[in-house]
Amino acid sequence: MRTKASLVFTFLFLALVVYGQQTPTVAIRAGHLIDVRSGKVSTNAYIVVAKDRVVRISDAAPSGVRVIDLSKYTVVPGLIDSHAHVLGNPKDQSSTGNLRMSSAQKAIWGMRNLQVWLDHGFTALRDACEGDAAYGQFALRDSVESGLIRGPRMVSAGGCVSLTGGHGDGDVLAPDAGLASQPNIADSVDDIARVVRRDIKYGADWIKLMATGGVMDPISDYRVQELSEEQMAKAVEIAHRAGKKVMAHAEGAEGIKAAVRAGVDSIEHGTVMDEEGARLMEQHGTWLVPTLYCFQHDMETGTSQGRDPVSFAKGVAILKEQQPAFSRAIAHHIKIAYGVDDDPDVVSKEFGALVRGGLSTLDALRAATINGAELTGRAKDIGSIEPGKFADIVAVDGDPLADITVMEKVVFVMKGGEVYANNAK
């Protein structure tokens, strides 16, 4: 009589055999295929796909299977934006734009925005909080997952958890014309518990904390710590107990350090990070999503998209802090993931900013692939082109290891075995 252990082993073995013998549905011929883990480049490689997964990589096409010819191009894994804001019109930078658009209209804009991410080769993203009490980002995430709409795979934060007058306080009106109490505002530890539990109740994968003031709003100071370390530690305690992760918007040095000590999983921006903060992040293994390009892009758009002059002045000032902080992050071997925090029309521009900031071209690719997959908790399914993972595959015109800006020249996008864009010639 077989033991329970031997039956389990037999079942697993048969499952692997059946999986390995899946009938291929398509093969992709890659002129150059980059292994983002090792940096190895294979030529004339065939990526064999069965339905939505990669089954093997070989040097010859399987017989009787349709071949997509990308022999003129470089093939990389589907890309991951780890700092996205999907709702609303990304070209409206006015401080009242969020107040002039309904939740439904924001979600419709979100459907448009998700398609733009896909067109640029971003097959997955992390939404880094929205100012929508109705959580339109969760509806979009779930609709993509169910196949109702097209878009990248998503994990999503809830509201932008802020104190009154902080970076996430969307009420920029006069005191005699102010809004009713907003569900994302937390002025005490008890408030934090309530706000975080609300986000989790309605479906948040991540909690987003506003550890410091920011740049885009007209009321906060990016150098000043806002949420207390005690508040952030309570948020981390509740989120981690529920199996969720926590990210912290943190510009100023003291807020960065408080957030790291509180146990957050990632620091967003980190633009005024000092040496002590860099050491803390290295010691704690805290991720950094630096969003370099969005601050640089601000200098191009200025106030042309309705941005408040006070906000733009903050952008000019903080840009001087960006490179020294990023150099510290690299020197301390902090884990870096790709995030644009900007209009998805320019989502590919962060590659160039990361390399100009000091990353190698390979590390910039890793930031948008295997690193993003690890940060978002989906490394077993996405982030690299390997047997068993989703067939999320992108082709670009040129060699990104020689010139990272060719990542802006996406010609082919496949997500889960389905072709979303094919401009290969």
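Me: Where in this predicted model is Y135 found?

Reply: In this predicted model, Y135 is found in the loop that runs between strand β6 (122-127) and helix α3 (136-146).

Me: Is Y135 buried or exposed?

Reply: The relative accessibility of Y135 is 7%, so this residue counts as buried. The cut-off used in this step is under 20% for a buried residue.

Me: Which value does phi take at H333, and where does H333 lie?

Reply: Phi of H333 is about 55 degrees, again positive in a residue that is not a glycine. H333 lies in the loop between α9 (309-331) and α10 (349-357). With a relative accessibility of 65%, H333 counts as exposed, because the cut-off for that class is over 50%.

Me: How is a pair of aromatic rings described?

Reply: Two quantities describe such a pair: the distance of the centres and the angle of the planes. The count in this structure comes to 5 aromatic pairs. In one of them, the ring centres of F122 and Y338 are 5.5 Å apart and the planes stand at 40 degrees, so the pair is tilted.

Me: Which parts of the chain does the pair of F122 and Y338 tie together?

Reply: F122 belongs to strand β6, whereas Y338 belongs to the loop between α9 and α10, so the pair ties together parts that are 216 residues apart in sequence. Both residues are buried. Ring pairs also link F122 and Y338 with F351 into a cluster.

Me: Which charged ends sit over rings?

Reply: Among them is the charged end of R126, which sits over the ring of W206 at 4.5 Å from its centre. Another case is R223, whose charged end sits over the ring of Y222, 5.7 Å from the ring centre.

Me: At what angle do helices α8 and α10 pack?

Reply: Helix α8 (residues 292-301) packs with α10 at an angle of about 100 degrees, and their axes are 8 Å apart. This angle makes α8 roughly perpendicular to α10, because that class covers 65 to 115 degrees.

Me: Which residues make the contact between α8 and α10?

Reply: From α8 the contact is made by L292, Y293, C294 and Q296, and from α10 by K349, E350, A353, L354 and R356. Sorted by class, the contact has 5 nonpolar, 1 polar and 3 charged residues.

Technical notes
Residues are numbered from 1 along each chain as its sequence is written. This is a predicted model: local features need pLDDT of at least 70, side-chain atom pairs count only at pLDDT 80 or more; totals for chains, interfaces and linings use all residues. Side-chain values use heavy atoms; hydrogens and water are left out. Helices (H or I, at least four residues) and strands (E, at least two) are DSSP runs, numbered from the N terminus. Buried means under 20% relative accessible area, exposed over 50%, partly exposed in between (1.4 Å probe, protein chains only). Axes are lines fitted to C-alpha atoms, for helices over the stretch in contact, and angles run from 0 to 180 degrees between N-to-C directions. Angles under 35 degrees count as roughly parallel, over 145 as roughly antiparallel, 65 to 115 as roughly perpendicular and the rest as oblique. Contact means heavy atoms within 4.5 Å. Ala, Val, Leu, Ile, Met, Phe, Trp, Tyr, Cys and Pro count as nonpolar, Asp, Glu, Lys and Arg as charged, and the others, Gly among them, as polar. Rings of Phe, Tyr and Trp (its six-membered ring) pair if their centres lie within 6.5 Å; planes under 30 degrees apart count as stacked, over 60 as edge-to-face and the rest as tilted. A charge sits over a ring if NZ of Lys or CZ of Arg is within 6 Å of the ring centre and within 35 degrees of the ring normal.
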